[in-house]
Amino acid sequence: MADVAIERSATAPRTVRKRASLRTALKRKSTAAFLMTLPLILLIALLVIYPAFYSLHLATLNKSMQRFIGLGNFQFLFKRETFWLVVEQSCIFAITAVVFKALIGFIVAHVVHNIPAKGQRKWRGMLLVPWVIPPAMSTLAWLWLFDPSYSAFNYLLAGVGVDRIPWTGETGWARFSVILVNIWFGAPFFMIMYLAALKSVPDQLYEAAAIDGANWWQRIWYVTLPMMRNIIAITTLFSLIVTFANFDIVRILTAGGPLDRTHMFATWAFRIGIEGGDIPLGASVSLFMVPILAIAAVFILRDINKRGNEA
Amino acid sequence: MTRKKLSRRQFIAATALSSAALVTAPYVRGAHAAGKLSIGFWDHWVPGANKASTDIVNEWAEKEKVEVSIDYIPSQGNKNLLTIAAEAQAKSGHDILAMPSWWPHAQADLLEPMNDVVEPLIKQNGEVNGTTKYLGKAGDKWLGVPACVGSQIKGPCSRIDLMKQHAGIDVQAMYPAGAAPKADAWTTDAFLKAAEACQKGGVPFGIGLGETSDSVDTVGAFFLAFGAEVVDIKGNVVVKNDNVRQVLEYYKKLMAFLPSDAPAWDDGSNNRWLVSGKGAMIMNPPSAWAVAKRDAPQVAEQCWTHGFPVGPKGRFAPFLPYFWSVWSFSKNKEAAKSVLTRLSQADAVEKMVAASGGYDLPAFEKLTTLKTWAEEGPPKGTLYHYPNPHKHQLLSISASPAPPKVAQQIYTQATLTKMCVRFYRGEPMEKTLAWAEGELEGFMRS
């Protein structure tokens with residue numbers, strides 16, 4: 001009996017302690033936050049992390065997916081002329097589109113910022129329209145505007161006596177068309193991000209600059225841009241990744257043509273992997289940019305952290 | 001605690017009673033006694049055409065006591081290809097899946113041999129054409145049952161009036177309804193002259209030069225007509241040959257008479273070209289004519305589907321068959337084979353062809369003279385020559401006779417049209433051939 005009594009008295013405090021620590025853990029903000037984000041984490045693990053690792057695995061297999069060939073697919077790709085054409089085009093497409101999106105977003109954000117508060121909301125809403133329409137849908141409208149035989153733009157041009165333009169038939173024009181649609185779709189995102197950043201710049205800084213005799217350009221260069229640096233870096237990085245991975249606009253507008261001159265990584269990967277039945281090679285094409293973008297992301301984000309610490 | 005013991009006598013009595021009950025019980029056949037079957041059919045372009053397949057399958061299911069579920073999977077956005085790839089990866093999915101031309105070979109290792117279905121069907125319905133064998137057989141193994149639904153020939157669909165007016169060609173006299181073709185003079189040279197005349201008359205032929213299947217199929221038929229192989233039957237790259245040079249020169253001449261935006265065309269562009277009344281000819285199955293019948297009846301009543309021109313090495317027409325394949329991981333292979341046999345019977349084929357307005361083409365020899373093609377109109381007889389009833393042309397597919405897995409890459413990457421466009425745009429012949437050789441060598445991966 002005595003043994004039992006001793007045993008009981010020894011376990012009781014341990015249970016109480018356990019309950020107490022669980023209660024404390026649950027009360028902790030970080031635990032609550034973790035539990036609330038857990039469904040999302042699981043969803044991301046299921047829909048992003050698993051497919052990412054699976055595609056890595058696929059990229060190491062031979063065409064019939066029966067043999068492990070290590071980096072053989074990448075070695076094969078590096079010898080293909082079309083692959084380097086796709087790399088070149090993806091860089092041209094992504095860099096040009098992001099630069100113009102940033103530039104247009106920056107200008108429009110300033111214009112909207114200077115509109116009196118009363119009418120600003122209306123303009124903000126209207127300017128966001130291209131970004132909120134699903135690109136697959138809006139690109140279909142663009143397809144009709146650029147249609148080889150029945151282009152609405154060419155109809156208008158013919159009205160003023162200008163020759164029809166092969167919007168999607170000639171290499172140069174086809175590249176121009178896909179980049180234009182991407183800019184049209186993505187510029188509102190930059191605009192809204194820059195507008196948010198502009199609104200957070202304290203007015204006192206501009207007042208101080210004005211007292212110091214700074215002109216318009218100096219105010220932009222020495223006040224606005226330094227205050228927006230972090231948001232510009234993050235937006236650019238985000239947009240660069242998304243633009244490099246673009247699929248829908250190119251797929252709908254040109255399907256990579258003419259003569260493969262508008263293919264991006266995603267569209268070429270789809271052509272090879274799904275349409276051509278070479279899934280491992282398609283996976284390799286789509287994974288090619290991951291290390292490059294990851295290094296770019298590390299540098300940009302490290303810079304942001306540094307600036308954050310300085311502040 | 002009490003424990004009930006079962007005596008030896010009680011055990012024997014219980015066993016005897018249970019056995020007797022099992023033996024004497026009446027056999028009750030449930031509504032779905034033969035199990036379940038899931039089918040992924042191709043979602044037909046023609047409105048209402050799916051109903052014919054559904055009715056035939058349901059009728060069969062009721063008789064055979066099988067619970068059937070059918071999904072109609074569209075080819076728009078390549079949803080059918082994505083489904084094939086996903087099911088092959090997951091090794092799970094439909095029991096039967098409709099696979100377009102190249103896909104049985106691409107998934108050959110995962111497909112159930114269908115010899116026990118196809119061989120009796122050939123005995124019953126007649127031989128299948130060479131392209132069906134090329135795409136549907138790996139060695140001696142049939143990879144799928146040649147499907148009527150979705151199979152098509154992409155031959156010329158000409159405007160009777162415009163061809164007469166501008167090219168002086170009476171397509172109805174050349175391909176009379178109900179009779180054998182009188183098309184000896186319908187050569188690749190005559191085709192070129194007609195293309196020139198129609199272009200000068202402001203109604204150019206609407207032949208695409210893009211990277212989608214219509215463009216690839218047409219150029220492939222011309223390559224074969226000139227005997228221009230780029231990869232031979234053994235898988236050797238043989239692109240640098242005189243026949244290829246000859247067909248590239250021919251296509252360069254032809255391209256000068258085609259719409260200038262043809263390199264940007266997709267599979268819808270030629271249909272719109274015909275329906276808008278802007279052109280004298282396109283290369284398409286009767287779907288374009290069917291749309292014209294609905295949207296531009298005055299155009300439709302001037303359309304006539306007929307054969308390809310003959311080239312130095314023969315007369316070839318692009319044929320794209322569909323196959324109904326059964327996965328090796330299917331859980332009800334017997335039922336799958338049974339329903340596919342039912343779907344390939346003459347009466348079922350006739351219903352499906354009628355429901356598609358003549359679009360669908362059975363691969364079997366004895367089923368190419370159904371009344372639908374003779375009677376469809378206007379004008380009556382417009383589809384008579386669509387199923388190649390007089391075997392006047394060889395049914396072929398672009399990039400053949402290369403081994404199917406290599407040919408699939410040539411087809412998908414549109415290598416032949418790209419060669420034509422590159423050469424037309426001023427690239428020297430040998431540079432185009434060298435580029436093609438590099439591409440083709442890349443397709444030899446295994």
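This is a predicted model: local features need pLDDT of at least 70, side-chain atom pairs count only at pLDDT 80 or more; totals for chains, interfaces and linings use all residues.
Helix α9 and helix α11 of chain A are roughly antiparallel to each other, because the angle between them is about 160 degrees and angles over 145 degrees count as roughly antiparallel. Two packed helices are described by the angle between their axes and the distance between the axes. For this pair, residues 171-199 form α9(A) and residues 216-244 form α11(A), and the axes lie 10 Å apart. The crossing of α9(A) past α11(A) is right-handed.

The residues that make this contact can be found on both helices. On α9(A) they are N182(A), G186(A), F189(A), F190(A), M193(A), Y194(A) and A197(A). Their partners on α11(A) are M228(A), I231(A), T235(A), S239(A) and T243(A). Sorted by class, the contact holds seven nonpolar and five polar residues, and no charged ones.

Helix α13 of chain A covers residues 265-275, and helix α14 of chain A covers residues 279-287. Their axes come within 7 Å and cross at roughly 170 degrees. These two helices are therefore also roughly antiparallel to each other. From α13(A), the residues in the contact are F265(A), A266(A), W268(A), A269(A), F270(A), I272(A), G273(A) and I274(A). From α14(A), they are I279(A), L281(A), G282(A), A283(A), V285(A) and S286(A). Eleven of the residues in this contact are nonpolar and three are polar, while none is charged.

Now consider chain A as a whole. Its secondary structure consists of 15 helices and zero strands. The radius of gyration of chain A is 27 Å, whereas the globule rule gives 19 Å for 311 residues, so the chain is more spread out than a compact globule. Along its principal axes, the C-alpha trace of chain A spans about 110 × 70 × 30 Å. Of the 311 residues in chain A, 31% are buried. Among contacts between residues at least 6 apart in the sequence of chain A, 65% join residues at least 24 apart.

Chain A also touches chain B. Which parts of chain B give two or more residues to the side that touches chain A? In all, 28 residues of chain B are in contact with 23 residues of chain A. The elements of chain B that give two or more residues to this side are α3 (79-90), α12 (269-275), α18 (404-412), α19 (415-424) and α20 (429-442). By class, the side of chain B that touches chain A has ten nonpolar, eleven polar and seven charged residues.

Note on methods: Residues are numbered from 1 along each chain as its sequence is written. Chains are lettered from A and ligands numbered from 1 in the order in which they are written. Helices (H or I, at least four residues) and strands (E, at least two) are DSSP runs, numbered from the N terminus. The radius of gyration is taken over C-alpha atoms; the globule rule is 2.2 Å times the number of residues to the power 0.38. A residue is buried if 20 or more other C-beta atoms lie within 10 Å of its own, exposed if 12 or fewer, and partly exposed in between; C-beta atoms are placed from the backbone. Two residues are in contact if their C-beta atoms, placed from the backbone, lie within 7 Å. Ala, Val, Leu, Ile, Met, Phe, Trp, Tyr, Cys and Pro count as nonpolar, Asp, Glu, Lys and Arg as charged, and the others, Gly among them, as polar. Axes are lines fitted to C-alpha atoms, for helices over the stretch in contact, and angles run from 0 to 180 degrees between N-to-C directions. Angles under 35 degrees count as roughly parallel, over 145 as roughly antiparallel, 65 to 115 as roughly perpendicular and the rest as oblique. A crossing is left-handed if the near helix is turned anticlockwise from the far one by less than a right angle, and right-handed if clockwise.
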